[in-house]
Amino acid sequence: MSILLPFLILLAATAFAAYHRLRLAVWAAATATLLVACWLLGADKTATSVAAVLVALVALPLLLPFLRMPLITRPLLGFYTKILPPLTETERVALEAGTVGWEGQLFSGKPDWNVLADQPRPALRPDEQAFLDGPVEELCRMTNDWQITHVDADLSPELWDYIKKNRFFGMIVPKEYGGLGFTALGNHKVIQKLASISAVVSSTVGVPNSLGPAELLMHYGTDEQKQHYLPRLADGREVPCFALTGPFAGSDATSIPDYGIVCMGEWNGARVVGVRLTFDKRYITLAPVATLVGLAFRMYDPDALLGDKRDIGISLALVPRDTAGLEIGRRAMPLNSTFQNGPVRGKDVFIPLSQLIGGEAMAGKGWQMLVECLSIGRSITLPSTASGGAKIGAVATGAYARIRKQFGLSIGRFEGVEEALARIGGNAYTISALAEASAAAVARGELPAVPSTISKYHCTEMGRDVSRDVMDIIGGKGIILGPRNFAGRAYQAAPIAITVEGANIMTRSLMIFGQGAILCHPWVLKEMKAATNPDAGARLRDFDHALFGHIGFAISNAVRSLWFGLTGARIGAAPGDTYTRRYYRKLNRYSAALALMADTSMLMLGGKLKFKESLSGRLGDVLSNLYIASALLKRYEDEGSPAADQPLLAWSIHNAVFKIENAFSGALRNFPIRPVGWLLWALVFPWGRRAQYPSDRLCHKVASLLMSPNEARDRLAVGVFTTPCENNPAGRIISYLPKVVLAEPVERKLIKALKNSDIEALDFRAQLEEGVREGWITAEERVQLEELRVMTIDAISVDDFDPAELRSACSRLEQDATEARAAP
């Protein structure tokens, strides 16, 4: 043992230093001190000397820059420069546009949880809360989604007027320009509430407050443009749309074929320098009713009217609807979610340079402008819409599952339904936390490039899962469309959110990890910038610093990953209380494993990693669920760590951890270099996978929360429209739950008495009369059961129609005209 002792001490000291990320000098000094102690205590002299030589061979070249740089750094810099995949201008702009927030800690392998804890709790301003309680509540009361989606295929004139009058289109416009000047959190809360009653209304309000003319003008517009357009956008005199997507350029926005040629032309009676545009755009929300079209195109200057550059690049412009040559096409019908949508086309449409957003100075900078604003818009509208739909779906379906009975038992008591209810509740809780986290990041002034893609992708995917489970539970109530149906249109519309603002398949496989691995990694971007520094001396020094920081980072994450795997993440410093500390430890483990996997993948695959979309997608799933779990813990603690919410938190965390391990497993089992995959498996899963999907017992607890009045259910319902009015069938069902629960003992008492009697089967009214006559129930209890029957019938009833009512308005007009012509 005395021979092995020095080497064991060397190994233990190295592992300790790597785990705690001690500096190389500290490691060398501590290890040398321990080896001297071994020598003095009688350990084998030869073994101790060999161990000391090993320490010296590692420490001296690395600690002495005049040895390290020429012998190690310079050759590695040359190798790195050769294998470094070239960054396109598009990729460079995308990387430089975003900021790094909490997601950077998750890539570190050793998250500083104080950073998350120190983020202020999201809170609305008084004027934002007043707007939610006033105009937003009233707009929800006015909204009849069946009328919008089936009868009119549009908002009513009253709704359009109300939206414009109350400046819903100007929520993000600063107050000095006549807007409401809301924060991103206020914007999120409004969209969330509107989405709980109508996705058409929430989309109509959301788009002008997302990526579009107002957002772009606020950041890049000239003073003249701001003064003219922002007040008109705020009060609805101008209805905006933004035309980016075309038939041949969807997610690949930088390949747009739409172009503009710099030339002389006529504008308002004067001959000026401008751009002659030719474009073909589709899927443009609000285009059919827009009065101001934001347009992305590629700008060329073949006659050098503006300078020597011929291909100026992607530029953005404002085109008024009445501009000669602009054509707004016929409406599209996006899955019966009848928000205004359609194509925008133009050929030889002339506009002056003053119509470029930001003027001539911003010509060619359109991609940068879009990327910077996309991260803001993507953080709000679709996540908020998913949150509103999921929250109302959870509380309404929980109430319905308690009211609806089969075999004399509430359907929510069946284990199969419980499992679906638990998914609904857990996913709604998760979506709500994630959507609020991304909105809060924007409100703090961040440009959350990576969190916005995480939020958009996972909120919409989980929202689709919620809508499917809601439909499965409510059954016929869900598939029969009509004014009483609170779920059918949301189910139909779910794929829309999956598709727009970056199709989810590409968002997952290309963007989340692809962007995060470079932008969020503490060393990769620094290495890339250092390697391209034109100053040779600075290039070597900067690369040296980044390279050896990266090497120490990688060794630390390998050690941390193995340690957490061996101990099951049960040992280690972590924040939280006795309930949540175990969750923080798990996230520490998976953060280290993600950093290890990311480094290994980039080292082994280099530029080829860009094309390994399945691997990138799985590592993106790991990063996403780490971010989601963090948002869940932050939300739970911001709300005072309520014990009543623990089943929702536990289900959501276990689900996220299960997805993390499943993603790791898929990545490791399919790693392109198999021996490396085997080694990584040993470091990440030394005892194999251990995470389990939420248990049946936990599912039962979550389902029970949704089916009973309680504070956790009330918190889940905060921020959605639950008012029980004629146009809100979900709100009515929700309002019935407390009375249904109170009436259940009386109902059971009557049923039991009827079973024990010799009375033949009677209709419900006769049963009540017999119950009062026999003394089984009181007169007051009879009234209670009559109310229960009325509520139950309203909750479970569906709509029916005369065949003529189901024909479109156009077909009815055509039939009326035909009948009129045939009349004598």
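**Labels and their grounds**

Reply: Gladly. This is a predicted model.

Me: Which residues of H2 are buried?

Reply: Trp-27, Ala-28, Thr-31, Leu-35 and Cys-38. They cover an arc of only 95 degrees around the axis, so they sit on the same side of H2.

Me: What do the buried residues of H2 pack against?

Reply: Two helices: H1 (5-20) and H3 (45-63).

Me: How do you know what span to expect for H2?

Reply: Take 1.5 Å times one less than the number of residues. H2 covers residues 24-40, which is 17 residues. The expected span is 24 Å, and H2 reaches 24 Å from first C-alpha to last. Just after H2, Gly-42 has a positive phi of about 100 degrees.

Me: Why is Ser-455 called buried?

Reply: Buried means under 20% relative accessible area. Ser-455 has 0% relative accessibility, so it counts as buried. Ser-455 lies in helix H17 (residues 449-474). Its contacts include Pro-383, Leu-434 and Thr-460.

Me: Which helix gives the largest share of the lining of the second largest pocket?

Reply: H22, with nine residues. That pocket holds about 890 Å³ of space. Its lining has 23 residues; among the closest to the centre are Arg-23 and Phe-548. By class, the lining is 14 nonpolar, five polar and four charged.

Terms used: Residues are numbered from 1 along each chain as its sequence is written. This is a predicted model: local features need pLDDT of at least 70, side-chain atom pairs count only at pLDDT 80 or more; totals for chains, interfaces and linings use all residues. Side-chain values use heavy atoms; hydrogens and water are left out. Helices (H or I, at least four residues) and strands (E, at least two) are DSSP runs, numbered from the N terminus. Buried means under 20% relative accessible area, exposed over 50%, partly exposed in between (1.4 Å probe, protein chains only). The arc is that of the directions from the helix axis to the C-beta atoms. Contact means heavy atoms within 4.5 Å. On a 1 Å grid over the protein atoms alone, a cavity is a set of points where a 1.4 Å probe fits but cannot get out, and a pocket is an open set with protein on both sides within 12 Å along at least five of seven lines; lining residues have an atom within 4 Å of a point. Grid points are joined across faces, edges and corners, and a volume is the space filled by probe spheres set on the points. Ala, Val, Leu, Ile, Met, Phe, Trp, Tyr, Cys and Pro count as nonpolar, Asp, Glu, Lys and Arg as charged, and the others, Gly among them, as polar. Lists of a residue's contacts leave out its neighbours within four places in sequence.
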